[in-house]
Amino acid sequence: MDANRQLSADTDSPGVDLLGMARRHWWLVLLMVGAGLLGAGQFTGMQQKVYESATSVLVSPLGNGQDANSTNGRTKGDINLDNEAQLVTSTTVATDARNLMRAAELPEELARHVRVEVPPNTTFLVITYSSSDARTAQAGSHAFAEAYLRNREESAKAEVAGRIAILNDKLNQLNASLLQINNRLANLRPADPNRPNLESQRTTATSQINTLAGQLNQLLTTTISAGRIIRDADLPSRPVKPNKLLNLASGAMVGLLLGVGAALLRERLDQRVRRPSDLPRRGDVTVLAAVPSRVKPRLDDVFAPFGAGGRIFNRLRNEVLASIPAPDGADARVALAGQVVVVAGASRGAASTVVAANLAAAFARTGAETVLVCAHLPDSLVDTASVSRMLGVRSVPGLSDVLAGRFSLSSATQRAPRHPNLSVVTTGGTASAGGLLQSQALRDTLATLRERAAYVIVEAPSTATSADAQSLASLADAAIIAVELRRTRNTEVADAADQLRRVGTPLLGAVVLPRLTAPRGGEERDSQEVTVADDMTTVLEKLPPKEAEVPVAPKRIRTAATPAAVGTAAKVVQAPAVPKRQTRTISVTRVNVETAGENGADKRR
């Protein structure tokens, strides 16, 4: 039991759960990825083609002090390239570029198509122009580069011309002042006290004139170079947008995320049991045993003792024996004799039938006398496994016939041909008898079976259909829930556990089966059009006749005769056992040939 709990804890980690969820809903994830690729393809087809062409411009210092670098400048030279990049997209440059391109768009519209990049640690500007036409992209990039250089050169020339004009004005003023000083000095006597002052002013003016003349000469001889185009714009051969590969990859990624989200949402909304680890986490029920999906059990499987399924039920038998402690001071085999274990399905279906039959066979393999009591009244022969077909016994008489008083318990108890220590009490033919599973006759029947057998395995009806499972569990020593993956809901498991715990019977846990498949033989095809009538004998009349039945007297379990049993036997002797509609019934039997299946289960044909 600890190993099962450890397995549940290990398989319930978030990573494994996420992978398992994606694996279970792979079709949904694949569908969303396909939808994402399809949407990306359509979006790519609807996108307008965009061509880009780039021109590299080397920006040179003007040499006149104009290109002083600011504190936040990107380079350490004399040029602030951040300012120059903003200048490329200015209205003045855009207007000049529009004239060069002879375009009809407004300068502001053209500037929106320009992108300027500054490579690190360089004095380059990369001017990129985008357009839906390749030649327009080439022309736009070259036009903006040319317009930027012209604007920068014109601005520099205007700046130089302005500074020359200022220097000329200052020189004219100084020359006029110097002329006045010289005239005053010429009229003064050599010993005049004002002569030294005037001579000092003349010296200062002369010095200033010489300085300004030098600056003016420098400006007049300066060569203005705004920069040059290093790599001119080329004609783009393919569009940069739409990027088909990028769009498809993005669509696939978005589809994958949506698929995982949809799978997670479906997993949350789906209340069916998907894996054994759901039971302790969502239903508060311990997993006693879990048949792996590779075994692929069928509706009529009784697993071979040494197959994968048989070993699982052998371990389940040991779990059941260990979960029912013997009284202090008593021998274990004597104390455990006559124990009744109820196997109830949490939902409709054949899970309880498969679990009860295989558990009873596992108990019988120990050499102890075991009785399998079928108290599950099926809704249809197609939906529910037939114990008579699984164990090779007759369908009638059965438990309902015993509880209705039509047959004795001894006549309804049949020995399973392939399991020497296993006796079977089938459901019986009185399927319409209501309230039989809650009667005193059922209590007396189970009490009698406790005295005759070491272990009594009761296949109870589903807790989702009636309260009969509670009634049977109140008479048992332990209870087990049968769960079929992808069919049983978590709420049904929780409800079944709550119902069985209310009667005070120890709930040992749950046995998990994969989704059961159809039986191997052709009998299920013949039975698809047959529904359960009020009397199972009517069903037998509708089946096609097979070989003639060889009557075999059931081996009775030697036990002391009880007054109830004697009275029932007297009824059988005095009253006719066959009703009127059985007078035309032909007794048949089916020869069962036992072969080994792929998963270790018995095959019968």
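A: Start with exposure: a residue is buried under 20% relative accessible area, exposed over 50%, and partly exposed in between, using a 1.4 Å probe and protein chains only. The model is predicted, with local features needing pLDDT of at least 70 and side-chain atom pairs needing 80 or more, while totals for chains, interfaces and linings use all residues. Numbering runs from 1 along each chain as its sequence is written, and side-chain values use heavy atoms, with hydrogens and water left out.

The spot I'd pick is R486. R486 isn't a glycine, yet its phi is positive, at about 60°. Most residues other than glycine have a negative phi, and most peptide bonds are trans. You'll find R486 in the loop between β11 (478-484) and α19 (490-502). With 44% relative accessibility, R486 is classed as partly exposed.

R102 makes a handy comparison. R102 isn't a glycine either, and its phi is positive too, about 55°. R102 sits in the loop between α5 and α6 (107-111), and its 78% relative accessibility puts it in the exposed class.

One joins K241 to P242, with omega about 0°, and P242 is in the loop between β4 (227-231) and α9 (244-269). Another runs from V396 to P397, where omega is near -5°; P397 belongs to the loop between α14 (387-391) and α15 (399-403).

Two packed helices are described by the angle between their axes and the distance between the axes. The axes are lines fitted to C-alpha atoms, for helices over the stretch in contact, and angles between N-to-C directions run from 0 to 180 degrees. Helix α5 (residues 91-101) and helix α7 (residues 134-187) have axes that come within 8 Å and cross at roughly 130°. That angle makes α5 oblique to α7; under 35 degrees would be roughly parallel, over 145 roughly antiparallel, 65 to 115 roughly perpendicular, and the rest is oblique. The crossing of α5 and α7 is right-handed, where right-handed means that the near helix is turned clockwise from the far one by less than a right angle, and left-handed means anticlockwise.

In contact terms (heavy atoms within 4.5 Å), the α5 side includes A94, A97, L100 and M101, and the α7 side includes A143, F144, A147 and Y148. Helix α4 (residues 81-88) packs on α7 as well, at about 115° with the axes 10 Å apart. E84, L87 and V88 of α4 touch F144, Y148, N151 and R152 of α7.

In soluble globular proteins, nonpolar side chains tend to be buried together. The largest nonpolar core here has 47 residues, and I480 is listed with L372, L391 and I457 as having the most contacts inside it. Helix α13 (residues 351-364) provides the largest share of this core, eleven residues. A core of this kind is a set of buried Ala, Val, Leu, Ile, Met, Phe, Trp, Tyr and Cys residues joined through side-chain atoms within 4.5 Å.

Helix α13 has a packing partner too: helix α11 (residues 308-323) meets it at an angle of about 80°, with the axes 9 Å apart. That makes α11 roughly perpendicular to α13. Among the residues that touch are F313, L316, V320 and L321 in α11 and V355, L359 and F363 in α13.

Of the contacts between residues at least 6 apart in sequence, 78% link residues at least 24 apart.

Key
Helix = DSSP H or I, 4+ residues; strand = E, 2+ residues; numbered from the N terminus.
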